[in-house]
Amino acid sequence: MLASNPRSELDDSLSDLALLLYDEEWETADRLTAQLLLTAVEQSLFSHEAPRRPELTTETLAGIPCQLIYAIDQCWQGASGGHFGFSTQLQIYQETLGSAAFDPALSNWSTPHPFFEEVGWLMLFPLRPMGFLRFYNWLEFDLEAPRGHLPALWYWQLPGLASLRMGGFFTGQGAGFGDLARLDVMMLRLSRCGQLGGGE
Amino acid sequence: MAENVACLIKVVDPQLKSDEVVTEVRYLIEDLRDLDDMSQVRFEPYSEIRDVAEIQVGIRFEVDAERLGSILRRLRDRLYYKPIPTRFLFQISDIQLQIETHKAGDLTGLMLAARSGLLFSPVSDYLAEAETYSRTQGELSPTELDNLSLLRQRLDISEEVAKLLNARAAGPYPTQAEKQRHFDETVRAEFSRLRSHHDGQPIAPKDIWPVLQELAENLGLPTPEAEALYQQHLQRYRDDIRLKAEQQALKAAEDARLAGEAKAEGDRQQQAQQTQAHRDQYRTLCHQALAKGLYPSEFDQGRLDQARRLRGIAPVDAVSIETAVRDELYGSIDSAAGVNYNRLRGLLMQQAWQAADLETETAILKALNQDMQPVTAATVQRLPAVDLATIDALWQRYSNGRFGFKAQQQVYRSQQQILQDDPQRWLGFQQGLGWRDQPSWLSRGFRPYHNLDFSLAAPPGHLPTWRWCCPSLSHRYSPSLEVVEAVLAHLNTCMPLEAVSIPTFDQTLVVGGVASAS
């Protein structure tokens with residue numbers, strides 16, 4: 001939920017985001033996007049839990065306000081002509097769900113989720129041609145990148161321990177297996193918010 | 001009282017000629033002689049010198065005092081028909097009474113006195129005076145009483161007799177007030193008689209005045225006062241008549257108005273009945289049109305539009321009728337949270353189970369109105385019972401009772417009867433619904449959402465899934481136990497299952513069964 005007090009602050013951040021995207025500062029805009037999500041999580045935590053460092057976990061992602069998601073998505077969609085943004089990612093995710101015979105129950109080192117391949121998040125590394133994701137700063141921050149490549153930092157930002165569990169080394173999602181649960185939570189959230197009919 | 005009265009009657013009209021006077025006197029004699037017991041009376045002529053010759057101008061005779069009354073009446077009648085100035089002279093003992101008049105009325109009083117037999121005695125004199133007084137004002141005023149007292153002394157009448165005479169002169173109603181009251185009562189009685197006789201029809205009340213006037217005279221009530229009283233009553237009578245007429249007019253108008261209203265009401269009812277009939281016809285038509293599908297075909301829609309226009313049904317009403325028929329045919333889609341379950345109903349009709357499951361989630365999250373966040377143990381109670389019942393009824397209807405919340409509750413109850421501790425129960429519940437496989441050493445048995453069975457072959461209660469309380473689905477479909485418990489409790493509150501007697505199980509058997517199952 002968005003509290004009423006930091007409303008103007010949020011509006012400022014959103015217009016900042018729009019400006020950055022307009023200037024095609026993709027990486028900065030991606031960092032700001034993750035920051036916006038974290039701020040929203042922080043606010044929702046404050047209301048009923050002891051304050052702690054906000055993280056984009058399965059639980060917190062499921063509660064991000066639809067309005068914020070919609071606003072951020074509008075910025076990305078507008079600036080990239082539909083190339084980047086949450087709704088683009090959701091669209092790709094739903095397509096891959098329908099097409100690929102993919103069993104998420106299996107451990108996914110041999111067959112990464114087709115979504116990662118589609119948006120170009122997979123490490124193209126000849127020695128380890130398996131389902132590892134790229135390091136964050138190896139991502140492509142321009143319109144040449146695959147569709148749905150950005151925003152990405154919301155997915156990369158992991159607590160150290162989770163990063164280790166996913167096969168990385170305190171590099172967030174980088175060099176680790178894609179955390180399917182988190183991806184699915186976010187996509188489910190996007191799809192549920194989509195049912196609201198966008199915006200207000 | 002057998003005294004004799006000496007009478008002298010003389011015509012004194014100066015305008016009559018001598019021969020006319022003689023003729024009048026002759027008629028007079030004949031008239032008087034006609035009376036009973038007068039044949040023996042001797043009429044002596046009374047002559048006077050007039051125009052040189054001596055002519056007879058009157059008669060003189062003597063009669064018994066008791067006859068005087070009838071004589072006076074005859075004389076009065078004569079004056080009534082032919083008012084000739086005449087002088088009457090009556091002498092009884094030493095009292096002389098002389099009257100010169102041409103009016104019949106002047107003889108009336110004298111006549112009454114004569115009839116009472118009291119004329120021409122001290123007593124009768126006194127009485128005449130008292131009656132005259134009494135007649136002038138209707139009662140005896142103090143001055144008149146004083147006068148009478150003097151007269152009494154002169155005539156040498158005793159005080160007791162005078163008192164009696166006074167009372168007699170005053171009549172049965174001695175004071176004017178009493179006379180008035182009596183007259184008033186009589187007039188009132190008269191008018192009430194008129195009212196009862198001529199109900200509603202005003203009559204000319206002039207007819208009763210002469211009689212009343214006579215009554216006033218008899219009573220000794222002065223005529224102006226009597227007439228004032230009469231006018232008063234007359235006015236009241238006329239007012240009454242007018243009032244009655246007005247009331248009747250009012251009543252007629254009111255009756256007309258009521259009749260008009262009744263007619264209008266009748267018309268309205270008839271119109272309402274007609275409208276109802278039209279609506280029923282339209283409803284029947286809707287039934288036929290919707291029998292084939294949720295929405296009428298183009299052809300049926302055309303027929304419906306035509307029928308609607310033909311029967312004068314408002315578009316809004318038509319829509320509500322169609323909606324009611326659709327609900328009746330395909331299940332109600334009531335919602336307390338303003339959610340439209342039309343799409344869910346359509347999907348279930350098409351047996352599109354997976355899409356219907358997704359739509360169920362959307363509907364529930366919208367009904368919860370929590371920014372589409374998944375349902376938690378804390379928020380589940382906000383789901384309205386109406387909405388849950390609608391969803392359950394739709395699933396049940398289109399799966400022939402296989403799916404729906406009720407089916408899930410039933411599965412839970414059967415598991416509850418078999419299994420003992422909570423974790424076992426939850427596991428059993430999820431397995432019973434087919435939401436989870438048997439845990440093994442390799443996996444914990446969770447199934448991803450898209451591996452669930454979206455067909456009628458699925459176990460009872462398999463659908464709708466509770467994806468609306470899961471933050472994540474693709475990795476594994478597993479609502480948290482805390483939420484499951486809360487949801488089941490809420491379902492039980494909203495739509496409790498019929499009570500079933502729980503059979504008692506042998507403890508050892510149950511434990512053994514569970515052990516072998518796990």
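# Reading contacts and salt bridges in a two-chain model

Modeller: Welcome! Let's begin where the chains meet: across the interface of chain A and chain B, two salt bridges are found. Please keep in mind that this is a predicted model.

Biologist: Thanks! What is the idea behind a salt bridge?

Modeller: Side chains of opposite charge can pair when their charged atoms come close.

Biologist: Which element gives the largest share of the side of chain A that touches chain B?

Modeller: That is helix 9 of chain A, residues 180-195, which supplies eight residues. Sorted by class, the side of chain A that touches chain B has 13 nonpolar, three polar and three charged residues.

Biologist: How many residues does each chain bring to the contact?

Modeller: Chain A brings 19 residues and chain B brings 18. Between them the two chains bury about 1600 Å², with 55% of it on carbon and sulfur atoms. There are also seven residue pairs in polar contact between chain A and chain B, counting pairs with both residues at pLDDT 80 or more.

Biologist: Back to charges, then. How many salt bridges are there over all chains?

Modeller: A search of the whole structure finds 25. Some sit within one helix. B:Glu261 and B:Arg257 meet in a salt bridge at 2.6 Å, N to O. Both residues lie in helix 9 of chain B, four residues apart, about one turn of the helix.

Biologist: What about a pair that links two helices?

Modeller: Look at B:Glu359 and B:Arg343, whose side chains form a salt bridge at 2.8 Å, N to O. B:Glu359 lies in helix 13 (residues 353-368) of chain B and B:Arg343 in helix 12 (residues 342-349), so the pair ties together parts that are 16 residues apart in sequence. B:Glu359 counts as buried because its relative accessibility is 9%, whereas B:Arg343 is exposed at 52%.

Biologist: Which residues do salt bridges with shared partners join into one network?

Modeller: B:Glu24, B:Asp31, B:Arg78 and B:Lys82 are joined in that way.

Biologist: Now a helix as a whole. How do I check the length of helix 17 of chain B?

Modeller: Compare the expected span with the distance between the ends. At 1.5 Å a residue, the 14 residues of helix 17 (residues 481-494) should span 20 Å, and the end C-alpha atoms are 20 Å apart, which agrees.

Biologist: What do the buried residues of helix 17 of chain B pack against?

Modeller: They pack against helix 14 (385-398), helix 15 (405-418) and helix 16 (422-433) of chain B. Among the buried residues are B:Val483, B:Leu488 and B:His490.

Biologist: And the loops? Where do I find a cis peptide bond in chain B?

Modeller: One joins B:Leu463 and B:Pro464, with omega about -10°. B:Pro464 is in the loop between helix 16 and helix 17 of chain B. In chain A, a cis peptide bond joins A:Leu150 and A:Pro151, with omega about -5°. A:Pro151 sits in the loop between helix 6 (114-119) and helix 7 (153-156) of chain A.

Methods. Residues numbered from 1 in each chain as written. Chains lettered and ligands numbered in written order. Predicted model: local features only at pLDDT ≥ 70, side-chain atom pairs only at ≥ 80, totals over all residues. Heavy atoms only, no water. Expected span 1.5 Å × (residues − 1). Buried < 20%, exposed > 50% of the residue type's maximum accessible area, 1.4 Å probe, protein only. Contact = heavy atoms within 4.5 Å. Buried area = accessible area lost by both parts, 1.4 Å probe. Salt bridge = Lys/Arg side-chain N within 4 Å of Asp/Glu carboxyl O. Polar contact = N/O pair within 3.5 Å; in protein donor to acceptor, adjacent residues only side chain to side chain. Nonpolar A, V, L, I, M, F, W, Y, C, P; charged D, E, K, R; others polar.
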